[in-house]
Amino acid sequence: MNTEQTTAKRHGPSRVTTVICLALILCAALVIARMVKFRSQVDVTLPAVLWEDGETTAVNTTLHFHGELVKQWGQDDSFSGYLELEDQPFTSEEASKAWLTMAREDGGLNRGLLEYGKFPAHTPFGELYTDREYTQFFLFPFERVPGEDDGTSTYVAGSSVYVAPAESLDEAKALLESHGLLMPDGSLR
């Protein structure tokens, strides 16, 4: 055996082979990590206020968020359960189920469309923003606008918001402002 063959046997695989193997292991780990779903049961009841933009007072209510939250690396969060509002009877657990897919926003909030209804029919209720820990909620209900000739309806952003946790209009405005959901003139975004 010559000196080059002896040296190659002592040092093991080449660096290129090592790098390729490490890259393949890393790719496999990333694929496996994307497949893992973290499921958690959520049951949160918070004081909330309903504020109509431009009003000087707000209506106190309660927001109850309970169901199953699924987080998956590289994917939007999804929620299946109930988001009950004390002043909206159709949101109760007995009436219908809420479905959410929460996409991450640049401002640090998750954003999703809140729909109610028996599966598979869904009725849009509003746009929900929440912090990443699901401890603060901002729900902007839609207003239903009837169609002109064809009898259909569309849903447009309304001028009110549910804010939780908040027990007063000042607390609600402070939370809205901290997340950039309140304009400098004090109106909703």
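## A first look at this chain

Of the 189 residues in the chain, 32% are buried, where buried means under 20% relative accessible area, exposed means over 50%, and partly exposed lies in between (1.4 Å probe, protein chains only). The model is a predicted one, in which local features need pLDDT of at least 70, side-chain atom pairs count only at pLDDT 80 or more, and totals for chains, interfaces and linings use all residues. Residues are numbered from 1 along each chain as its sequence is written, and side-chain values use heavy atoms, with hydrogens and water left out.

### The overall layout

Three helices and nine strands make up the secondary structure of the chain. Here helices (H or I, at least four residues) and strands (E, at least two) are DSSP runs, numbered from the N terminus. Read from that end, the order is α-α-β-β-β-β-β-β-β-β-β-α.

Contact means heavy atoms within 4.5 Å. Among contacts between residues at least 6 apart in sequence, 42% join residues at least 24 apart. The accessible surface of the chain is about 11,700 Å², and 55% of it belongs to carbon and sulfur atoms. Such areas come from the Shrake-Rupley method with a 1.4 Å probe; for residues, only the protein chains shown count as cover.

### How the strands pair

Two strands count as paired if DSSP finds at least two bridges between them.

| Strands | Sense | Bridges | Residue pair |
|---|---|---|---|
| β1 and β2 | antiparallel | 14 | Phe-38 and Lys-71 |
| β2 and β3 | antiparallel | eight | His-64 and Glu-84 |
| β1 and β9 | antiparallel | four | Val-49 and Val-163 |
| β7 and β9 | antiparallel | three | Phe-137 and Ala-164 |

The hairpin of β1 and β2 has six residues between the strands, and Gly-54 takes a positive phi near 95° in this hairpin. In the hairpin of β2 and β3, with four residues between the strands, Gly-74 has a positive phi near 80°.

### The nonpolar cores

A nonpolar core is a set of buried Ala, Val, Leu, Ile, Met, Phe, Trp, Tyr and Cys residues joined through side-chain atoms within 4.5 Å. The largest one here has 21 residues, and those with the most contacts inside it are Leu-63, Phe-65, Leu-83, Phe-137 and Leu-139. Two or more residues each come from β1 (37-52), β2 (59-72), β3 (77-85), β4 (97-104), β5 (109-117), β6 (123-131), β7 (137-146) and β9 (160-164). Of these, β1 gives the most, with four residues. Apart from this core lies another, of 16 residues, including Trp-51, Tyr-129, Ala-166 and Leu-169. In soluble globular proteins, nonpolar side chains tend to be buried together.

Leaving aside neighbours within four places in sequence, Phe-137 is in contact with Leu-46, Leu-63, Phe-65, Leu-128, Tyr-129, Thr-130, Tyr-162, Val-163 and Ala-164.

β9 is mostly covered, with five of its five residues buried. In a regular strand the side chains alternate between the two faces of the sheet. In β9 both faces are covered: Ser-160, Tyr-162 and Ala-164 are buried on one side, and Val-161 and Val-163 on the other.

Next comes a cis peptide bond, which joins Ala-164 and Pro-165 with omega about 0°. Pro-165 sits in the loop between β9 and α3 (169-178).

Another loop, the one between β6 and β7, holds Tyr-134. The phi of Tyr-134 is near 60°, a positive value in a residue other than glycine. Tyr-134 is buried, with a relative accessible area of 5%.

In α3, the buried residues are Leu-169, Ala-172, Leu-175 and Leu-176. Seen down the axis of α3, these residues fall within an arc of 130°, so they line one face of the helix; the arc is that of the directions from the helix axis to the C-beta atoms. An α-helix has 3.6 residues a turn, so residues three or four places apart point the same way. The cover over the buried residues of α3 includes β1, β7 and β9. On the other side of α3, Asp-170, Glu-177 and Ser-178 are exposed. After α3 comes Gly-180, with a positive phi near 75°.
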